[in-house]
Amino acid sequence: MSFRRRLLSVFALTVLLSVAAVALIVSWATRRAFSRANEQRTTALAAQFRHEFSRRGEDIVQRIQAIAAGDTATRMALASASEPHDYGAYLGTAKALAESQQLDYLEFVDSQGVILSSAQWPGKFGYKESFPVSPAFPKDAFLKPEELPDGVALGLFAVRPVIAGDKPLYVIGGRTLDKNFLAGLDLPTGMRAMLYQNLGGDISPQRLIDAEGPVEHAEQILPVVQRMQKQPQETSALLHWSGNAADDEALHAFPLTGQDNQLLGILLVGSSRREYVELRRHIRSAALLGGGVGLVLAILFSGWAAGRVTRPVEQLAAAARDVTAGKWSTQVPVTSADELGELAESFNRMTRDLLDQKERLVQSERVAAWRELARRLAHELKNPLFPLQLTVENLVRARQRSPEQFDEVFRESSETLLTEIANLKGIIGRFSEFSKMPQPQIQPVQLNEIVQNVARLFQAQFRASEATAIGCRMELGTLDPIAADPELLHRALSNLVLNAMDAMPQGGTLTLRTRQESDRVFAEVADTGSGLTPEECERIFTPYYTSKAHGTGLGLAIVQSVVSDHGGRISVRSEPGQGTAFIIELPKTQAGQAH
Amino acid sequence: MRPFGLRWLAASSLLLVTVAGAATRPRYGGVLHVAVRVATLDPLEAGQPSGPAASNLLLLVYDTLVTLDDRGVPQPGLALSWQADASKQRWQFVLRRGVAFREGAPFTADLAAASLRAANPNWKVTSNGSAVVLQLDSPEPHLPAQLALARNAIVKRESGKILGTGPFVVTQWQAGKNLTLTARDDYWGGRPFVDSIEVELGKSFREQRMALDLKKSQLIELAPEQTRQVSDDHPVEASAPVELVALLFRRDPQSPVEAQLRHALALSIDRNTINRVLLQEAGEPSGSLLPNWMTGYDFLFPADADVARARQLRSEVLQPISWTLGYDANDPLTRILAERITLNARDAGLSMQLSNAPAVDLRVVRVPLESLDAHTALARVSAALGLSVKTSGDSPEDLYRAESAVLQSWRVVPLLHLRVAYGLGASVRNWNDKPDGSWDIPDLWLGADKP
């Protein structure tokens, strides 16, 4: 992955993570705020319920008080002192008074607890009231289950005595705690109040009502009721009405107890989570949208920023490649004054220095080469010249001292002179040949064939002397054809074989080895001679360097030139006393040539 | 001074006699205002659940062949005489002559036969000159009493109208709202004293009471529990106990145990308290279908509560029992009776719950006795309750056996019989109390508000 892409990815990921983190934080804060608001609303609704409960209780107390203070109750109290009671006279009394006071329940009960008149159950006269009446009656309104002909209902009741004779008469009345009571509560949007009338041992969905009557799908709420029945204390639950989280409802339950702390009812406040879920979805959508837009912007910005940051780096990389390719004069533009600008300055300074050093090196190498050439030439030419000098001096001396023998000396000296002159011509010819290395004529070549031809050429010399015989061993691998000039390769390998023969004056083993690795082939010429020192190995390919007494120092230079012209390279592996191996590494194909 | 004093005394006496006579002497004219709950113009709809007032209104417009006197004895109506063969299966009624329907068409035997056939599809009714002949499949010794029922009134159905020969004709009719009846001058029994009757329909007992208090009505129905209160302010006329109140089970007992539980229920009910308190003495406790004044053997069916015995019977049955008791949601009386019966049943250990659902185990029912004839009344009551009753003869013993058989089936538990009571305006004169609560309006006239 490029630096630009990496930088771009880092930028984009940073933006994405930032947006996600912001969305999570906002979502968490929203949920917390919603929970707090929901809790406050529920608490407020429960407080409102208690307030309404208290207010209606006070209202009921006042109405019962008004009935108890009325003439009808007074007359009834006076009449109730006598037995038997004339129930018929009171039959419709409670009902009429209940209707006038807008009460659902009203009963007149004598001091023995016997019902004289009942509004909710007119036929119940003469029966005992379930609520124990006594002078120590509750002053405030209270919850009480009321038995009715068609079932049991939960009501808010108040009791007041009527003292008009020897025995008190009690007025017990109230109102049903039903859907109308719930309908009177001012509920915020998304909230609802339900009431479970806990009037039987078993749990029944019919007893769960809201402001519109029996609650639909009450079965799902009943577990909360059951929990409350086991432990009458405030509790809460989350109801899942469907697979859609927006339909979830947070439910808070509050116990409603009677005079003896008996659990008579359960107020359930449901709060829809739709608002919260939709808000959370909006936040998520906004986060996704923001994240998407941010990501696109981040990519664009990152691309721009990464380009701005990486362009100098890329220019430096390209310049470095140019330098590697030999363009020592490469320079990069300095576009900023920051670290990258300093880097570019350093690079330019480095290439300038390198160029200067290279020029100095070339010049010094050129001087050294000329010196070496001069030394070689002097050395090479001095050897033939010395016999020529002696021969000519011998001729002069023979002409002066023994003229009779001059002819004979002249003839011998002429032969010597011609031999040495031929030697000089040979030396000059080799130098000329090195200077005139031809361009390789590339064609498909089987390297093994070339190696075999070279070995065949030198077979006779290998066996020239029995004492110094050289054994030739061939280890040829299976090679693909390569693109090369067979003549030049033959000359290079021949030079290496000659060098190996020179390295084994006492005989030895010459190994010719070929192998193939992926797209390259290798040819190795190894001898078992005395080997080279590491210093010799380093300098051995330098033109005109030789370790031999009569070498020109051009053989390996020619070999290296041939190998280099084929896009390959040559290396030497040697240890003193262990022999030397030259390895030629060639590409199968030449640059620009297809397979 | 003396002669003047004598003359003044004579004049004063004459004036006093004249005024006194005017107060008691019949007077033609005036409009009688009536308020009732329901009314119908079709005799086939008479009886339950229309109630006695609806039948009384019908008999102002239509006549029957036979009428019953206060003792339940058949009297001539549109039929002057009748006779039956020995088997009591073939009856011939000789019709009154000179009777005409409202639009002037003469009353004939053909029309009478057609009217009876429409009311009784199972009867073979033919005309024979000026007589109507009924051929029945089984002996029917009390056929004249049946012909006195309002549903057997003679009508002439013509172009969607129902015409009658009664003392009044319908001059205005708005179903459910009001009805105006006008006296016929040519009525064969003589013109009624009042000129017309204006009937307000669809009025509850409470509204009727208000109408009476406001003098907007001069004749209203009274609920039993109203009788005591209304009688303090207005004249109240009540019939003999002619409306049965009973508990009717939905089905026959499925086992002797269930019959025993029903027996326990019957014993647990305190009918006397119900009558005294809830009905304000507007009825008579009874353990029989027919009232004692009609049969004389009511004492043979005990009506007193025996809670101890009821508990014993209940305790002998181990299986749990829970009944639902229904009532007529439009009738507060049945509701309050059901409430009390529920309490009484619980006293005996019987579980019972009130319900106004259509399907209940038993319900409180009210059935008017449509006839003063005991046999006919028993047949009509049994039919209204969906019970079958068979009488082998027309003697009181046969009647007792038939009724006893019905009661021993434990499908029905009689509670009491209610009187039919009416509140009258102060201007209503010459109201004749009828044991069955029927109206004798043709003989009624209107006087001043304060007599």
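Guide: One ground rule for this predicted model: a strand is a DSSP run of E with at least two residues, numbered from the N terminus.

Visitor: Which residues line the second largest cavity?

Guide: B:Glu237, B:Ala238, B:Ser239, B:Val420, B:Tyr422, B:Trp431, B:Asp433, B:Lys434, B:Gly437 and B:Ser438. Strand 14 (236–249) and strand 19 (412–424) of chain B each give two or more of them. Strand 14 gives the most, with 3 residues.

Visitor: What makes a space of about 40 Å³ a cavity rather than a pocket?

Guide: The test is escape: a 1.4 Å probe fits inside a cavity but cannot get out, whereas a pocket is open.

Visitor: On to the interface. Why is the pair B:Arg228 and A:Asp86 called a salt bridge?

Guide: Their closest N and O atoms are 3.7 Å apart. The cut-off is 4 Å between a Lys or Arg side-chain nitrogen and an Asp or Glu carboxyl oxygen, so the pair qualifies. The rule finds 2 such bridges between chain A and chain B.

Visitor: What is the area that chain A and chain B bury between them?

Guide: About 1400 Å², with 55% of it on carbon and sulfur atoms. On the chain A side, A:Phe125, A:Tyr127 and A:Pro149 lose the most, together 38% of what that side buries.

Terms used. Residues numbered from 1 in each chain as written. Chains lettered and ligands numbered in written order. Predicted model: local features only at pLDDT ≥ 70, side-chain atom pairs only at ≥ 80, totals over all residues. Heavy atoms only, no water. 1 Å grid on protein atoms, 1.4 Å probe; cavity = no way out; pocket = protein on both sides within 12 Å on 5 of 7 lines; lining within 4 Å. Helix = DSSP H or I, 4+ residues; strand = E, 2+ residues; numbered from the N terminus. Buried area = accessible area lost by both parts, 1.4 Å probe.
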